[in-house]
Amino acid sequence: MEDPITGTPPPSRSAEAKQGSQPQEADLLRTMLRRPEYRKALVFSGLIGVPVALVAFWFLVALHQLEGLVWTDWPKDLGWKQAPWWWGLMLLPVAGLVVGLVVARLPGRGGHIPAGGLHSGGVTKQALPGVILTAMVGLPLGAVLGPEAPLIALGGGLALFFAGLARAPQTEASTALLGAAGAAAAISALFGNPVVGAVLLMEVAGVGGPQLFAVMLPALLSSGVGALIFTGFVHWTGLETGSLDIGLPEPPPLDGADVLWVLVVAPVVAFVVHWTLVGGRFAARFVVSRIVRNTILCATGAAVCITLYAVTTGRSPAEAALSGEATLSELAQNPHAWSVGALVAVLVFKGLAYALCLGSLRGGPVFPALFLGGATGVLLAPLPGLGLVPAMAIGMAASVTAALRLPVSGVILVVLMLGNVETVALVVLAAVMSFVVTELLPQGPRIPAFEERPSGRTHRPSPRRP
């Protein structure tokens, strides 16, 4: 039987049956667009963008306010100009404890392990409480991760929840379509651009052919509606959720030296970030043996890295903690405020903390990767013939592509953040080189499945009642 939404045969149909009976891709796409069920799903995806964007807006506002409260307001209220060097040692073990308990005991394990990259599916309505709890506790308390993975899970789960309320058809294809639409609406609220949300979700889903368009249209529509709602609430309420505009100056025209430097810098950045992600996978394998205890140990290890940064540089530990979104903007606008030693220290200690958080806590890998790439660019900007803006463009594109393995999304995101067209060619070249390098390198251990935990050493779920 055909799926009632897309009109395509189920996956179990044999290859022989597909040959000779399957229409051309263009005809198949037109057939899907003519189906009333698909058009209803398209309209429903647009409607889903409204509540999902509203929830995503307040979710991001809450995270932004909590981070400011914990890392800025509380230290000042206690009499310090900035968070003291030991601040992370007090906060991150608490984050590890909460996340470890959620992963061990709640449905959905608090979301995907960040070291495995972004995922678009697999989040159920029952998993939403754990996803929200791990994000609202772990991220404000200093986890070196971003909010994009919880947002994807939140948007997809909410879309399925509203679909259940509306009694929409619950087929495999419709569930994937509506989940992608909700996730795209939520992620567009974070990036402030519907195209980024749609392209990111398409690359994460890994679909192609007519299925690509079947997922793309609802995701793009839902992203556009979500962006309108989100932008309106920013202006109407005056509240902040963070901005991707890092305030870089207009760059000079590109020259041959910029192109030569991208051939050197991009592979090096990709190599380092790749092995940081591999370190996160090793951390994930360590955590899975004793979830609660080892999650606390990894979170404490990240806190030690943050503390070492603050002690060796005399700067705020917040610069090595958190996602790095706000610090990247400060770095781009005032790079001379950072010494070479401070830049090297933040790259080393934040990179180590990033690897530990990737395998133990919950969040997204995007913003820390962007920060590490941007800080590398600032460090290398004095090289002959390079400059600040081209160096940051190369570093950010290579770093985020190595972390996500999504070259098109990486290009769009970095171009959006830079806000100029002069560096687009560098961004594309750096992303392509980074993708090739990371694909050719050894991939390290795969992300462990919780079902593979050694017996007797971890929390065992209670047997299901009949």
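Cys298 counts as buried, with a relative accessibility of 5%; buried here means under 20% relative accessible area, exposed means over 50%, and partly exposed is what falls in between (1.4 Å probe, protein chains only). Keep in mind that this is a predicted model, where local features need pLDDT of at least 70 and side-chain atom pairs count only at pLDDT 80 or more, while totals for chains, interfaces and linings use all residues. Residues are numbered from 1 along each chain as its sequence is written, and side-chain values use heavy atoms, with hydrogens and water left out.

**The chain as a whole**

- The chain has 17 helices and 0 strands; these are DSSP runs, H or I of at least four residues for helices and E of at least two for strands, numbered from the N terminus.
- There are 466 residues in the chain, and 53% of them count as buried.
- Take the contacts with a separation of 6 or more, and 81% of them join residues 24 or more positions apart; a contact means heavy atoms within 4.5 Å.
- About 19,900 Å² of the chain is accessible surface, and carbon and sulfur atoms own 65% of that (Shrake-Rupley method, 1.4 Å probe, with only the protein chains shown counting as cover for residues).

- Helix 3 runs over residues 36-77, and its 42 residues reach 59 Å from first C-alpha to last, close to the 62 Å expected at 1.5 Å a residue; the expected span is 1.5 Å times one less than the number of residues.
- Helix 3 also has a bend of about 40° at Leu69, taken as the angle between axes fitted to the seven residues ending there and the seven starting there.
- After helix 3 comes Gly79, with a positive phi near 105°.
- Helix 10 has 34 residues and covers 51 Å between its first and last C-alpha, close to the 50 Å expected at 1.5 Å a residue.
- Helix 10 is kinked by about 30°, with the kink centred on Val262.

- Thr276 is part of helix 10 (residues 256-289), and at 14% relative accessibility Thr276 is buried.
- Skipping residues up to four places away in sequence, Thr276 touches Gly351, Tyr354, Ala355 and Leu358.
- Thr276 and Ala355 are 79 residues apart along the chain, yet their C-alpha atoms are separated by 5.5 Å.
- Leu370, in helix 14 (residues 366-380), is buried at 0% relative accessibility.
- Leaving out neighbours within four places in sequence, Leu370 is in contact with Leu328, Met396, Ser399, Val400, Leu413, Val414 and Met417.
- From Leu370 to Leu328 is 42 residues along the chain and 8.1 Å between C-alpha atoms.

**Salt bridges**

- The whole structure turns up 2 salt bridges, each being a side-chain nitrogen of Lys or Arg within 4 Å of a carboxyl oxygen of Asp or Glu.
- One of them pairs Glu319 with Arg315, where the closest N and O atoms are 2.9 Å apart; Glu319 counts as buried at 10% relative accessibility.
- Glu439 and Arg405 form a salt bridge too, at 3.2 Å from N to O.
- Glu439 is in helix 17 (residues 424-440) and Arg405 is in the loop between helix 15 (388-404) and helix 16 (407-418), so this pair ties together parts 34 residues apart in sequence.
- Glu439 comes out as partly exposed, at 40% relative accessibility.

**Cysteines**

- The disulfide count is 0, a disulfide being a pair of cysteine sulfur atoms within 2.5 Å.
- For Cys298, the closest cysteine sulfur is in Cys357, 8.6 Å away, so that is too far for a bond.
- For Cys305, the closest cysteine sulfur is also in Cys357, at 8.8 Å, again too far for a bond; Cys305 is buried at 10% relative accessibility.

- Most residues other than glycine have a negative phi.
- Arg109 is not a glycine, but its phi is positive at about 60°.
- Arg109 is in the loop between helix 4 (87-105) and helix 5 (128-138), and counts as buried at 19% relative accessibility.
- Leu322 is another non-glycine with a positive phi, about 60°.
- Leu322 sits in the loop between helix 11 (291-313) and helix 12 (325-333), and is buried at 11% relative accessibility.
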